[in-house]
Amino acid sequence: MWGYLYLLPVFLALWAIAGIWIVFGIAVINRTVDLKKGFPYISFCGSYPPQSCIFSQVLNMGAAMAAWICIVRYHQLRDWGVKTWHNQLILWSGLLCVLGTSIVGNFQETNQKPTHLAGAFLAFVLGNLYFWLQLFLSWWMKVLPQPGPRWMGPLRLTLCSLTTILIVAMTVLHSRTLRSASAACEWAVAMLLFSLFGLLAVDFSRLNSCVLCPRPRPELRGPPPALGSQAL
């Protein structure tokens, strides 16, 4: 019996993939993008109004959902017995990916290129790292639960490997001014990362609900209440 939390990664993947392709379609229709001159980068499609507004909203809402997914995943791994520093490394790589995604959506390339590129680095590179760290963890800790069919692990390995290869190819092609080929790699990387987030639905299928309970640090906890004195 699957809990409702599996819907969050699924909705994120569908929302993000549909959203950026809608932005692409609007950019082509209003001729902001001319496909005769080459295939555009994702960010170029979302650089001019009205699609820039949609682009920002899609990435901001996607970033919010991804942040919640990273937090739920952190608590899930903690309950599975993953050491704190390993788990925090995974969490912070995911949250920095989320931050980069929001930066890309809010700082268009035509207005703030250095900031935009910094955001893209966080979104792509640390997003890829987020899933690599989880793969390494599953290999290292054999006792971790492995929800889903047996081919789920090899599938994630394939997607992570393709993402890494395409990030390198995108960078090399861009440096050689092969912009259309580099842009195609960028679109492929985005689709792969959205798909990897979507696959977390398999892991979340075992969660019926999620309740966050703040707990104070041991040194901040007060002394236990004194027992009442007994009458003699």
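Thr163 is found in helix α6 of a predicted model, in which local features require pLDDT of at least 70, side-chain atom pairs count only at pLDDT 80 or more, and totals for chains, interfaces and linings use all residues. Residues are numbered from 1 along each chain as its sequence is written, and side-chain values use heavy atoms, with hydrogens and water left out. Helices (H or I, at least four residues) and strands (E, at least two) are DSSP runs numbered from the N terminus. Thr163 has a relative accessible area of 0% and is therefore buried (under 20% relative accessible area; exposed is over 50% and partly exposed in between, with a 1.4 Å probe and protein chains only). Leaving out residues up to four places away in sequence, Thr163 touches Asn128, Val189, Leu192, Leu193 and Leu196, where contact means heavy atoms within 4.5 Å.

Leu193 is also a contact of Gly127, together with Cys97 and Leu122, once the neighbours of Gly127 within four places in sequence are set aside. Gly127 belongs to helix α5 and counts as buried at 0% relative accessibility. Along the chain, Gly127 and Leu193 are 66 residues apart, yet their C-alpha atoms are separated by 7.1 Å.

Helix α4 (residues 84–106) contains Ile90, which is buried with a relative accessibility of 4%. Beyond four places in sequence, Ile90 touches Leu77, Tyr130, Leu133, Gln134 and Leu137. The C-alpha atoms of Ile90 and Leu126 lie 9.8 Å apart, at a sequence separation of 36 residues.

Arg73 is located in helix α3 (residues 51–79) and, at a relative accessible area of 7%, is buried. The side chains of Arg73 and Gln134 are joined by a polar contact of 2.7 Å. A polar contact is a pair of N or O atoms within 3.5 Å; within protein, one atom must be able to donate a hydrogen and the other to accept it, and residues adjacent in sequence count only if both atoms are side-chain atoms.

The largest pocket has a volume of about 620 Å³. Its lining comprises 28 residues, of which Tyr41, Glu109, Leu117, His174 and Glu186 are the closest to the pocket centre. On a 1 Å grid over the protein atoms alone, a pocket is an open set of points where a 1.4 Å probe fits, with protein on both sides within 12 Å along at least five of seven lines, and lining residues have an atom within 4 Å of a point. Grid points are joined across faces, edges and corners, and the volume is the space filled by probe spheres set on the points. At least two lining residues come from each of α2 (42–45), α5 (113–140), α6 (152–175) and α7 (179–204), and α5 supplies the largest share, seven residues. By type, the lining divides into 12 nonpolar, 10 polar and six charged residues (Ala, Val, Leu, Ile, Met, Phe, Trp, Tyr, Cys and Pro count as nonpolar, Asp, Glu, Lys and Arg as charged, and the others, Gly among them, as polar).

Overall, the protein has seven helices and zero strands. Of its 232 residues, 45% are buried. Among contacts with a separation of 6 or more, 75% are between residues 24 or more positions apart.
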